[in-house]
Amino acid sequence: MRDAAPAARGTLEPGLLRLARWRLLAMHHTAGVGHLGGNLSAFDVMMLLHHELLRPEDRFVLSKGHAAGAYYVTLWSRGLIGDAELDTFHAEGTRLAGHPPARGVPGILFGTGSLGHGLSLAAGLALSARLQGRARRVFCLTSDGEWQEGSTLEALIFAAHNRLGDLTILIDHNRLQGFGSTAEVASMEPLATTLGGFDVEIREANGHDLPEMRRALVPGTGRPVVVVLHTVKGHGVAEIAGRMDSHYLPLTDDQFRDAVVGRPPP
């Protein structure tokens, strides 16, 4: 597969999204590692942000660092990472580790993966931009499970109190985490209602529907925006979609063949 050429900001074409999803599957299958389910649930919004919304002055923080594979392939689709390097994912000496590194990869600002820290970093970026008089949107993609972390809620309190209107918080609400469903582990349902108690603007969208997400990601009106993205863990791979074990287990050869050749994602 050839390196993807940098695309101009415009509309994310379904064909590019499908190609990039297949590349994500191939990269994970080559590496023989898991965490694919949470990568697939977060992939569509990452691609939409990086191809349509993020300007050079804007910033993106991947708080759910275990979706690093989706982030790397998104950067590949923008021409920022070479195709051959994707095949070093998770390998000895690679810069494409299982969680984003703190330095060395274009577009990645922070090392993340220990959940509960990304939103604090993003809020700091948004506040610093205001203090410097910069017109900059900051997007932070979180998992739904990390909203059980006190540090994430503290960051939301900080963002709401300071009315960080250029901060958009995305929640990959696939309802599954490492040891069960979010409802079973520590329910905060309905998540939109729970977080709506803060002084933020709550929006909801299907996290696999590009038009819905475009509408939900328009700039806010002076308060932080929280977008609850209703997603499916393992989206696009029938054998692992909606399954908790897709958090850990890699694709088998048969699953990979069915996903890429026999039954391609929609």
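**View 1. Ser151 sits in helix 6, residues 150-161.** This is a predicted model, where local features need pLDDT of at least 70, side-chain atom pairs count only at pLDDT 80 or more, and totals for chains, interfaces and linings use all residues. Residues are numbered from 1 along each chain as its sequence is written, and side-chain values use heavy atoms, with hydrogens and water left out. Helices (H or I, at least four residues) and strands (E, at least two) are DSSP runs, numbered from the N terminus. Is Ser151 buried or exposed, or something in between? With a relative accessible area of 24%, Ser151 counts as partly exposed, because buried means under 20% relative accessible area, exposed means over 50%, and partly exposed is in between (1.4 Å probe, protein chains only). Setting aside neighbours within four places in sequence, Ser151 is in contact with Gly116 and Ser120, contact being heavy atoms within 4.5 Å. Leu80 is 71 residues from Ser151 in sequence, and their C-alpha atoms are 32 Å apart in space.

**View 2. Here's the largest nonpolar core, with 50 residues.** A nonpolar core is a set of buried Ala, Val, Leu, Ile, Met, Phe, Trp, Tyr and Cys residues joined through side-chain atoms within 4.5 Å. Met46 and Phe60 have the most contacts inside this core. Elements that each supply at least two of the core's residues include helix 1 (14-31), helix 2 (36-53), strand 1 (59-62) and helix 3 (68-77), and also strand 2 (138-143), helix 9 (210-216), strand 7 (225-230) and helix 10 (253-262). Which helix gives the largest share of this core? That's helix 2, with nine residues. In soluble globular proteins, nonpolar side chains tend to be buried together.

**View 3. Zoom in on Met46 and look at what it touches.** Not counting residues up to four places away in sequence, Met46 touches Phe60, Leu62, Ala67, Ala70, Tyr71, Thr74 and Leu141. There's also a second, separate core of 24 residues, and it includes Ala122, Cys140, Trp147 and Leu164.

**View 4. Leu49 and His51 are both in helix 2.** Leu49 is buried, with a relative accessible area of 0%. What does Leu49 contact, leaving aside its neighbours within four places in sequence? The partners are Leu54, Phe60, Phe139, Leu170 and Leu217. Of these, Leu217 is 168 residues from Leu49 in sequence, yet the two are 9.0 Å apart in space, C-alpha to C-alpha. His51 counts as buried too, at 3% relative accessibility. Leu75 lies 24 residues from His51 along the chain, and their C-alpha atoms are separated by 9.7 Å.

**View 5. Helix 3 is mostly covered.** Ten of its ten residues are buried; among them are Tyr71, Tyr72, Leu75 and Trp76. What covers the buried residues of helix 3? The cover includes helix 1, helix 2, strand 1 and helix 4 (83-86). After helix 3 comes Gly79, whose phi is positive, near 80 degrees.

View 6. Most residues other than glycine have a negative phi, and most peptide bonds are trans. Arg163 has a positive phi, near 50 degrees. Where is Arg163? You'll find Arg163 in the loop between helix 6 and strand 3 (167-173), partly exposed with a relative accessible area of 40%. Arg175 also has a positive phi, near 70 degrees. Arg175 lies in the loop between strand 3 and strand 4 (176-177) and is partly exposed, with a relative accessible area of 35%.

**View 7. Stepping back, the chain comes to ten helices and seven strands.** Of its 266 residues, 52% count as buried. The C-alpha trace spans about 50 × 40 × 35 Å along its principal axes. Among contacts between residues at least 6 apart in sequence, 72% join residues at least 24 apart.
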